[in-house]
Amino acid sequence: MKVRVAAVGDVHLGEDIRGRYRPRLEGIEQRADVLLLAGDLTRHGTPEEGRIVAEEFRDLRVPVVAVLGNHDYQSDAEDEIIALLRDAGIHVLEDDSMVIPCGEARLGVVGGKGFCGGFAGKCASEFGEPEMKAFVRHTREIADLWHKALKGLDVDHRVVLSHYSPVKDTLAGEPPEIYPFLGSYLLAEAVDAEGADLFVHGHAHAGVEKGVTPGGVRVRNVALPVLRRAYAVYCLGGEDPESC
Amino acid sequence: MSHEAPHSVASHHDAPHYVAARVQRALAEDERTYELGIRVDIRGDQLFLRGQVEGAERRAHVAAVAVENAPGLTVHNEVTVVEVREPGEEETL
């Protein structure tokens, strides 16, 4: 009951690179059962760029599941971008979950853009000014929603899809001073409480691909500048790993 | 009491530390770039840009924004364009 998950993030599509990505997606159905997009699909977050993303990833022969990233919020058009993607048949998670049948297996995907705040012992707290409380609360509320979404999932494999990172491991190469803006341990804590097979994120262009949460969930940073390939493919849960 | 501004004000404002920060902020906030991951280093009168962008046009915009925000410095654009290669081997988890 293996499932092959393709993933990439931070494609930052725009008019100047329209159509460049699509040829790399040819034959994806032979390599993977689903494609996950880990946010920062656009650069300016405009509806025009949202249309380019929709054209680039529509009508693939595998289901496509996306979350937005911070760039996709820049023009306050995130709802319109989400609608454009959905009209093109692309699933968009907003701190919720969906189940995708993959042959005999059922794959559950939970997620949303996530948010930041830092990592255990070196992070912001809900204390002091309202602005600081709101900043940290946003991450905590997202983590709570993911926890609930994971809890309710009755599937064979569970993958969490986020833009922001749950761990420091995959940020290696980024300046340590900006780690608090790249992710939050609250995301990892929520996922570790319920367990998952894989946590996929983007955002950290100078980071590394592989990491693991404190609870042992594998983390993969699939930001395009990290992967330097059209997408990564992760094979989950084959009885015979060699068959993946 | 002197009414002249201290000589040090201008030079402090133009300290390489602040110029680099100004360029980095402009790269993040200027709509021509919106690039958050470009490293900016200043050594003497030389400014170095490092990082990755998705296209050649974006690479040129990064240098243009840096030049505008760092007058008098020579800008070295060492930013590279991300090459999107074929998907490679899958990983079994």
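**A buried loop and a helix pair in chain B**

In this predicted model, E35(B) is placed in the loop that runs between α2 and β1 (39-43) of chain B. With a relative accessibility of 6%, E35(B) falls under the 20% limit and therefore counts as buried. When residues up to four places away in sequence are left aside, E35(B) touches L27(B), A28(B), Q52(B), V53(B), E54(B), R58(B) and V62(B), and its contacts also include R43(A) of chain A. The C-alpha atom of E35(B) is separated by 9.2 Å from that of R25(B), a residue ten places away along the chain.

The loop between α2 and β1 of chain B also holds Y34(B), which is likewise buried, at a relative accessible area of 11%. The phi angle of Y34(B) is positive, near 50 degrees, in a residue other than glycine. Most residues other than glycine have a negative phi. A positive phi, of about 60 degrees, is also found at D10(A), again not a glycine; D10(A) belongs to the loop between β1 (3-8) and α1 (28-31) of chain A and is buried, its relative accessible area being 0%.

Chain B as a whole contains three helices and six strands, and its elements, read from the N terminus, follow the order α-α-β-β-β-α-β-β-β. Where contacts in chain B join residues at least 6 apart in sequence, 51% of them link residues at least 24 apart.

Two of the helices of chain B, α2 (residues 16-29) and α3 (residues 56-69), have axes that come within 9 Å and cross at roughly 140 degrees. The crossing of α2(B) and α3(B) is right-handed. On the side of α2(B), the contact is made by V19(B), R22(B), V23(B), A26(B) and L27(B), and on the side of α3(B) by V62(B), V65(B), A66(B) and N69(B). Classified by residue type, the contact of α2(B) with α3(B) comprises seven nonpolar residues, one polar residue and one charged residue. Among these residues of the helix contact, L27(B) and V62(B) are also touched by E35(B).

Conventions:
Residues numbered from 1 in each chain as written. Chains lettered and ligands numbered in written order. Predicted model: local features only at pLDDT ≥ 70, side-chain atom pairs only at ≥ 80, totals over all residues. Heavy atoms only, no water. Helix = DSSP H or I, 4+ residues; strand = E, 2+ residues; numbered from the N terminus. Contact = heavy atoms within 4.5 Å. Axes fitted to C-alpha atoms, helices over the stretch in contact; angles between N-to-C directions. Left-handed = near helix turned anticlockwise from the far one by under 90°. Nonpolar A, V, L, I, M, F, W, Y, C, P; charged D, E, K, R; others polar. Buried < 20%, exposed > 50% of the residue type's maximum accessible area, 1.4 Å probe, protein only.
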